Amino acid sequence: MNTTIREAASSDIDALAELDASVNPDPWPAGRFRRLIAGSAGQLHAGVLALSYRDRLCGFSAYQIVVDEGTLLNIGVERRYRRRGLARRLLQASLQAMRDHGARHCFLEVRCSNTAALALYRAEGFALDGVREGYYRRFSDPAQAGREDALLMSLPLEALS
């Protein structure tokens with residue numbers, strides 16, 4: 001699949017927000033993408049990567065770095081393009097960008113029910129560090145009240161080549 005990954009631009013903000021709304025149960029407002037694309041100041045670096053197929057935005061990842069700690073904030077791939085390794089490419093590009101900007105570790109949190117993401121993170125070497133109980137609002141089954149746990153994971157970036 002002939003895709004490109006690039007830094008997102010301000011002209012991508014509406015498309016990023018639309019894509020996020022189509023793939024995530026609790027999507028970000030456009031302003032969050034705007035701040036991340038615009039925002040690096042002092043010891044904070046933020047970035048959004050856009051993945052395109054045939055000049056169509058079909059995936060993204062967002063990260064930030066504070067001092068030497070990177071955090072993967074969000075990752076999404078349009079449903080019809082899933083299971084093609086695109087999330088893995090976005091993850092790897094984000095990890096490399098974090099490392100290039102001085103991050104020594106990458107941290108993330110993921111819904112405990114997101115088995116596809118968990119499998120990807122484990123395959124890329126992330127280790128489970130802990131659990132945030134009841135962190136996420138539950139959207140998948142309206143009959144289930146309450147909240148869902150977040151799994152906390154990390155990866156040292158020194159091992160990246």
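Trainee: How do the axes of helix 3 and helix 4 cross, and what does that make helix 3 to helix 4?
Mentor: The axes of helix 3 (residues 86-100) and helix 4 (residues 115-123) come within 11 Å and cross at roughly 50°. Axes here are lines fitted to C-alpha atoms, for helices over the stretch in contact, with angles running from 0 to 180 degrees between N-to-C directions. Under 35 degrees counts as roughly parallel, over 145 as roughly antiparallel, 65 to 115 as roughly perpendicular and the rest as oblique. That makes helix 3 to helix 4 oblique.

Trainee: Before I go on, what should I know about the model and its numbering?
Mentor: It's a predicted model, where local features need pLDDT of at least 70 and side-chain atom pairs count only at pLDDT 80 or more, while totals for chains, interfaces and linings use all residues. Side-chain values use heavy atoms, with hydrogens and water left out, and residues are numbered along each chain as its sequence is written, from 1.

Trainee: Which residues of helix 4 make the contact with helix 3?
Mentor: Contact means heavy atoms within 4.5 Å. On the helix 3 side you have A87, R88 and L91, and from helix 4 come L120, Y121 and A123.

Trainee: How do the residues of that contact of helix 3 with helix 4 divide?
Mentor: Ala, Val, Leu, Ile, Met, Phe, Trp, Tyr, Cys and Pro count as nonpolar, Asp, Glu, Lys and Arg as charged, and the others, Gly among them, as polar. On that basis the contact has five nonpolar, no polar and one charged.

Trainee: Is the crossing of helix 1 and helix 2 left-handed or right-handed?
Mentor: Helices (H or I, at least four residues) and strands (E, at least two) are DSSP runs, numbered from the N terminus. The axes of helix 1 (residues 13-23) and helix 2 (residues 30-38) come within 9 Å and cross at roughly 130°. A crossing is left-handed if the near helix is turned anticlockwise from the far one by less than a right angle, and right-handed if clockwise. For helix 1 and helix 2 the crossing is right-handed.

Trainee: Which residues of helix 2 are buried?
Mentor: Buried means under 20% relative accessible area, exposed over 50% and partly exposed in between (1.4 Å probe, protein chains only). The cover over the buried part of helix 2 includes helix 1, strand 3, strand 4 and strand 5 (69-77). Under it sit G31, F33 and L36.

Trainee: How many bridges pair strand 3 with strand 4?
Mentor: Two strands pair if DSSP finds at least two bridges between them. Strand 3 and strand 4 form a hairpin with two residues between them, and R54 in the turn has a positive phi of about 50°. G47 stands opposite Y63 in strand 4. The pairing is antiparallel, and the bridges number ten.

Trainee: What is the relative accessible area of S52?
Mentor: S52 is in strand 3, where nine of the ten residues are buried. Leaving out residues up to four places away in sequence, S52 touches N2, T3, T4, R6, L57 and C58. S52 is buried too, at 8%.

Trainee: Which residue of strand 8 is the bridge partner of E109?
Mentor: Strand 6 (residues 105-111) runs antiparallel to strand 8 (residues 147-156), joined by seven bridges. Strand 7 (residues 127-137) is also joined to strand 8 by seven bridges, again antiparallel, with Y136 partnered by E148. The partner of E109 is L152.
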